[in-house]
Amino acid sequence: KIPHGKVISWNARSLSMHRTDPSGRARRCKTLATITRLLARCDILCLQETRLGTNDNISLKTQYNDKYIIYYENDILGHGGTLTMVSRKFARDYQIEQVHLGEAAKGRILPLTFTPKSNLTPTPPSTLLPSLCVVNVYLTSGASPTERHLEFEELGKLDPTTRIILCGDFNFVEVPSDAPSSTSNIIITNDTYNKWCDLVEK
């Protein structure tokens, strides 16, 4: 089976999982309702800006663990974070592995590789089915060129021979017309732009 799952990406701007005030609880309910609607339309849901604690590996499991496998790449409580949910129905045909990258990827880049289980049997097919890598990113907002380059270097560590789906919130634009102003710091230029092009064409 060739990987061809439906992928949706959404910046949640906080899951509000640790809010206890009335407005926080109300926001959490709305966020969970949105996640449920999105899950009905996809096999893999990539969430950004989850803002979970560094070691939080339980959020959303109460609501979704029976039908979804949940992978976390947290930053610190209240900041950044990515989370990817994979339908167990889709996952049953693949061996899934979370790729752990370097420090610049912490809370920012969450790659998952999907290897068809048929490739791993004692008698694999003569032509191996292609693997898939889904990369969920929330790159640093307002990053300096140095920070951008470090994040690009982490993305460059991924296997270019694998089919890669790169999605999420990149927090930059390539052309000024996509920015709120011509002087906005979200526009990548010069060396940063060249490094991004090199990465995409890799």
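**Note on the predicted model: buried charges, strands and helices**

1. Asp75 is buried, with a relative accessible area of 14%, where buried means under 20% relative accessible area, exposed over 50%, and partly exposed in between (1.4 Å probe, protein chains only). This is a predicted model, in which local features need pLDDT of at least 70 and side-chain atom pairs count only at pLDDT 80 or more, while totals for chains, interfaces and linings use all residues. Residues are numbered from 1 along each chain as its sequence is written, and side-chain values use heavy atoms, with hydrogens and water left out.

2. Asp75 forms a salt bridge with Arg108, and the closest N and O atoms of the two are 3.8 Å apart; a salt bridge is here a side-chain nitrogen of Lys or Arg within 4 Å of a carboxyl oxygen of Asp or Glu. The pair links distant parts of the chain, since Asp75 is in the loop between β3 (68-73) and β4 whereas Arg108 is in the loop between β5 and β6, 33 residues apart. Arg108 is itself buried, with a relative accessible area of 14%, and a network of salt bridges links Asp75, Lys106 and Arg108.

3. Glu151 and Arg148 meet through their side chains at 3.8 Å, N to O, and, being three residues apart in helix α4, they are separated by about one helical turn. An α-helix has 3.6 residues a turn, so residues three or four places apart point the same way. Glu151 is buried, at a relative accessible area of 2%, and Arg148 also counts as buried, at 2% relative accessibility. In the other pair, Lys157 forms a salt bridge with Glu154, with the closest N and O atoms 3.1 Å apart; here Lys157 counts as exposed at 53% relative accessibility, whereas Glu154 is buried at 8%.

4. Helices and strands are named as DSSP runs (helices H or I, at least four residues; strands E, at least two), numbered from the N terminus. Four strands form an open sheet in the order β5-β6-β7-β8, with mixed pairing, where two strands pair if DSSP finds at least two bridges between them. β5 (94-98) and β8 (163-169) stand at the edges, each with a single partner strand, so one side of each is left without a neighbour in the sheet. From one strand to the next, the twist averages 15 degrees.

5. Within this sheet, β6 and β7 pair in the antiparallel sense over six bridges, and Leu110 stands opposite Asn136 in β7. Strand β7 (residues 132-138) pairs with β8 in the parallel sense over seven bridges; Val135 stands opposite Leu166 in β8, and the bridge partner of Leu132 in β8 is Arg163. The chain crosses from β7 through α4 to β8 in a right-handed β-α-β crossover, a term that applies if, with the strands pointing away from the viewer, the path from the first strand over the helix to the second runs clockwise. Seven of the seven residues of β7 are buried, so this strand is largely enclosed by the rest of the structure. Leu132, Val134, Asn136 and Tyr138 are buried on one side of β7, and Cys133, Val135 and Val137 are buried on the other.

6. Helix α4 (residues 145-155) lies across β6 (109-116), β7 and β8, and runs at about 10 degrees to β6; axes are lines fitted to C-alpha atoms, for helices over the stretch in contact, and angles run from 0 to 180 degrees between N-to-C directions. In helix α5 (residues 190-200), Thr192, Trp196 and Leu199 are buried. They cover an arc of only 60 degrees around the axis, which puts them on the same side of α5, the arc being that of the directions from the helix axis to the C-beta atoms. What covers the buried residues of α5 includes α4 and β8, contact meaning heavy atoms within 4.5 Å, while the face turned away from the buried side carries the exposed residues Asn190 and Asp198.

7. Strand β2 (residues 44-48) has five of its five residues buried, so it is largely enclosed by the rest of the structure. Ile44, Cys46 and Gln48 are buried on one side of β2, with Leu45 and Leu47 buried on the other. Five bridges join β2 to strand β1 (residues 7-11), and the two run parallel, with Cys46 in β2 as the bridge partner of Ser9. β2 also pairs with strand β4 (residues 82-87) in the antiparallel sense over five bridges, where the bridge partner of Ile44 is Val86. Together, β1, helix α1 (residues 22-39) and β2 make a right-handed β-α-β unit.
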